Amino acid sequence: MTRIFSGVKPTGHLTLGNYLGAVRRWAEVDQHRGEALFSVVDLHALTVEHDPARVRRLSRQAATLLLASGLDPEVCTLFVQSHVDEHTRLSYLLECTATDGELRRMIQYKEKSVRARDAGQGVRLSLLTYPVLMAADILAYGADEVPVGEDQTQHVELTRDLAVRFNQRYGHTFTVPRATRPAVAARVMDLQDPGSKMGKSHENGAGIVYLLDDADTVRRKVMRAVTDSGREVVYDRDVKPGLANLLDLMAAATGGNPEELAGVYESYGALKKDTADAVVELLRPVRERHAELAADPGYVDRVLRDGAERARGMARPLVDRAYRAIGLLPAV
Ligand code: TYM
């Protein structure tokens, strides 16, 4: 059976980008296609300046939102990364497989290390080794597929390289995984700055739709989206990135095709209004279900406890095998 693994890190409130690029597909398709594991990857939230209480709060909120989005604990395994030691155990072996050069080449490391330096903060060593921990997340479960948004492509490529290298050196141990991406909205852009990704840790919330924004806020953010000069509605990501982003959102929310939708609209205003309505309707059930689930934290705790236990059971034999393969003396 196909093994599927993916995760979301609790560095901020989940966004429409997370939902359309990853989470919605996990719920609608991936969890039903194979043996699927989804994780709130909290260790990854410690790679940049963080507030402990906030990370804890966001971890619970992310898990609740994943359930609210339709992940079914009877069908898939949902857990918090730090509850399963195998991730960090394996990460060290993969640090002994990766080189510093290949980690320094990672785009997200370059961007985030510059941001940390500009803010007068030190660059945590874990920011550099982050993709190795991500590789461990995936390889510990023998995942075949990793459903992610476009921004994670490079990290999944590194994961593949590390798996192949480890297997060549120490004997076949890991499945070599592949990234899968949604057909539309694999890269949702910031509504105020269509040149950059809609990201949960960005400063300016005006261009970011959060899953827990109320209907009025969502509508206002979409209606105020930056659009491009000219009046003609065409789908062109290079020339009209703001418009293309709206068409992508509209297509993703309604199951349409962005190029075809461009032909339907005669004005930016009409497109914005319909997109705002479509996004509000898309998120409404998630927000409602989140409110119900948040009222029952005991349920979420139970799901996470059972999920961690299942995840441990799957990861441990594989990670133990990797320990033996790399030359470590088994404990007796
Ligand atoms: P994270 O937490 O930044 O994002 C979670 C998922 O949402 C996708 N995504 C987007 N998709 C489309 N448009 C956007 N604007 C957008 N923003 C985010 C991401 O591609 C991702 O799929 N490193 C990962 C977390 C991680 C992980 C893993 C993922 C850790 N270990 C193992 C898969 C497998 C991250 O930072 O995702």
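This is a predicted model: local features need pLDDT of at least 70, side-chain atom pairs count only at pLDDT 80 or more; totals for chains, interfaces and linings use all residues.
Biologist: What makes α9 oblique to α11?

Modeller: Helix α9 (residues 241-254) packs on α11 at an angle of about 40 degrees. Roughly parallel would need an angle under 35 degrees, and roughly perpendicular starts at 65. The value falls between these limits, so α9 is oblique to α11. The axes lie 9 Å apart, and the crossing is left-handed.

Biologist: Which residues make the contact of α9 with α11?

Modeller: α9 brings L243, L246, L249, M250, A253 and T254. α11 answers with Y268, L271, K272, D274, T275, A278, V279 and L282. By class, that is 10 nonpolar, two polar and two charged residues.

Biologist: Why is α3 called roughly parallel to α12?

Modeller: Helix α3 (residues 86-95) and helix α12 (residues 297-326) pack at about 25 degrees. Angles under 35 degrees count as roughly parallel. The pair meets that limit, so α3 is roughly parallel to α12. Their axes are 10 Å apart. The crossing is left-handed.

Biologist: What makes up the contact of α3 with α12, by class?

Modeller: Six nonpolar, no polar and four charged residues. E86, R89, L90 and L93 in α3 meet R312, A315, R316, V319, A322 and I326 in α12.

Biologist: Now the ligand. Which residues around the ligand come nearest?

Modeller: G17, G21, A22, V148 and G149, out of 27 residues around the ligand. A residue belongs there if its C-beta atom, placed from the backbone, lies within 6 Å.

Biologist: Which element gives the most to the shell around the ligand?

Modeller: α1 does, with five residues. β1 (3-8), α1 (16-33) and α6 (125-139) each supply at least two.

Biologist: How do the residues of the shell divide by class?

Modeller: The shell has 12 nonpolar, 10 polar and five charged residues. Gly counts as polar, so G17, G21 and G149 fall in the polar class.

Biologist: Where does UniProt place the 'HIGH' region?

Modeller: An unreviewed UniProt entry places this short sequence motif at residues 10-18. In the model, that span is 33% helix and 0% strand. Its end C-alpha atoms lie 11 Å apart.

Definitions and conventions
Residues are numbered from 1 along each chain as its sequence is written. Helices (H or I, at least four residues) and strands (E, at least two) are DSSP runs, numbered from the N terminus. UniProt positions are given in the numbering used here, feature names are shortened, and annotations may be inferred rather than shown by experiment. Axes are lines fitted to C-alpha atoms, for helices over the stretch in contact, and angles run from 0 to 180 degrees between N-to-C directions. Angles under 35 degrees count as roughly parallel, over 145 as roughly antiparallel, 65 to 115 as roughly perpendicular and the rest as oblique. A crossing is left-handed if the near helix is turned anticlockwise from the far one by less than a right angle, and right-handed if clockwise. Two residues are in contact if their C-beta atoms, placed from the backbone, lie within 7 Å.
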